[in-house]
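Subject: Structure for your review

Dear colleague,

Please find below the structure that I am handing over to you.

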Amino acid sequence: MSQPRKTTLNQKLSSLPSTLVKRLKRLSGRDELLILAAVPILFLFAVAPQTFELSWAGFGKLGRAGLLFVLFFLAFDLLDFQKGKISWTKRQKIATALVVAAATVYFVEVGLGQELTNFIYSIGRSLGASGDVSNSFLMATDYIAISIYLPTLTAVVFSIGAIKRAVTPIVFSLGMLLFYMLDAFFPYGSLGPLQFWANFIVAGVAFLAKVFGLPIYGFTNHLTINGLHGIYRLVVYWPSVGVQSILIYSVVMIVIAAKLQAPAVRKFIYAAVGIAGTIFLNVVRIFTISYYGYVYATSGQQLDAFHNAIGEVLFPIWIVVFLVLILEIEDRISDKTSAGRKSKKKSKPGRKVNSSRGR
């Protein structure tokens, strides 16, 4: 009885390569682009998984989870691409292989944290980045690389014109690049306009605390939490309260809304709701951290750990919910519009008969 099972298992194992090849052949062009775009990031994750624990660098750690958001936004943009296959030319294959290999070499080398990483840190010091080891400058170079890699790969696989249709991940990457550069050269609260937003968020947290009757007080960029297990006095700077996330995701919301096949009024409403929701979510995030400090935290380390965890959870959920809601609303509007057109076509002959009878 056991022999047939072994034979069946062997047959399955022997057929795996051919099955895999068949499935790969069924991939559409947009699937191939997404897979190729993910290759360098997956290699980076393999060699340095601990750097993906955060989406924004902080507390002495690197935060490369934002690179996964790049892939998420690319996948969303690729929904607009046709599912046709690519007729690969020899030149196209060579160019694609070189582009993917170059990006993979960079991300593997920077992930291993050896010569290339030290070289990047030295460039940052020579340019005036804050600190002997500027993680923000290192993260900025990651987004320089991905901001070059994505449009180059898209142009090679499809065409230069296709870059416009896959612009959302590029906008997100450039936004992350910009704010990491700002954080590297203007640390803490030295950049006035961004620090103003931090003060605004602290004021929002203080308002919510007053509404719920909690001993949490905020003024300018100082937040005081009279907790049940201790008092925590925090000096809040713009990277700590997610100002960069508010601005980057707001721009992404605008780009997504602009790409929709919808009237201008609806696009404006989507963009406004996305921006308002992002700002409100961030205030709620900081308030939740403050509430945790008030009720549960027994040390500053616990508060920092919760701060890191809650930030990684809320924004991905909000982005997914926002996109799903937009797609659902647009699908329902499209269905109603198409149903209305069909009913009008069916009712036209009846109207003509009735009008002739009236005559």
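The notes below concern salt bridges and one methionine.

This is a predicted model, in which local features need pLDDT of at least 70 and side-chain atom pairs count only at pLDDT 80 or more, while totals for chains, interfaces and linings use all residues. Residues are numbered from 1 along each chain as its sequence is written, and side-chain values use heavy atoms, with hydrogens and water left out.

Salt bridges

Side chains of opposite charge can pair when their charged atoms come close. The structure holds four salt bridges (a side-chain nitrogen of Lys or Arg within 4 Å of a carboxyl oxygen of Asp or Glu). Three of these are described here, including their helices (DSSP runs of H or I, at least four residues, numbered from the N terminus).

One of them joins K259 to D77, with the closest N and O atoms 3.0 Å apart. This pair links distant parts of the chain, since K259 lies in helix α9 (residues 243-259) and D77 in helix α3 (residues 66-77), 182 residues apart. D77 is buried at 1% relative accessibility, whereas K259 is partly exposed at 23%. Here buried means under 20% relative accessible area, exposed means over 50%, and partly exposed lies in between, with a 1.4 Å probe and protein chains only.

E330 and R266 also meet through their side chains, at 2.9 Å from N to O. Distant parts of the chain are linked here as well: E330 belongs to helix α11 (residues 300-358) and R266 to helix α10 (residues 264-295), 64 residues apart. E330 counts as buried at 13% relative accessibility, and R266 is partly exposed at 22%.

The side chains of R332 and E328 form a salt bridge too, at 3.1 Å from N to O. Both residues sit in helix α11; because they are four residues apart, about one helical turn separates them. R332 is exposed, with 53% relative accessibility, and E328 is partly exposed, with 38%.

M139 and its surroundings

M139 is found in helix α6 (residues 135-157) and is buried, at 0% relative accessibility. Which residues does M139 contact, leaving aside its neighbours within four places in sequence? They are A57, L62, G63, R64 and Y180, where contact means heavy atoms within 4.5 Å. For M139 and L62, the C-alpha to C-alpha distance is 7.4 Å, although 77 residues separate them in sequence.

With kind regards

How values were computed
Helix = DSSP H or I, 4+ residues; strand = E, 2+ residues; numbered from the N terminus.
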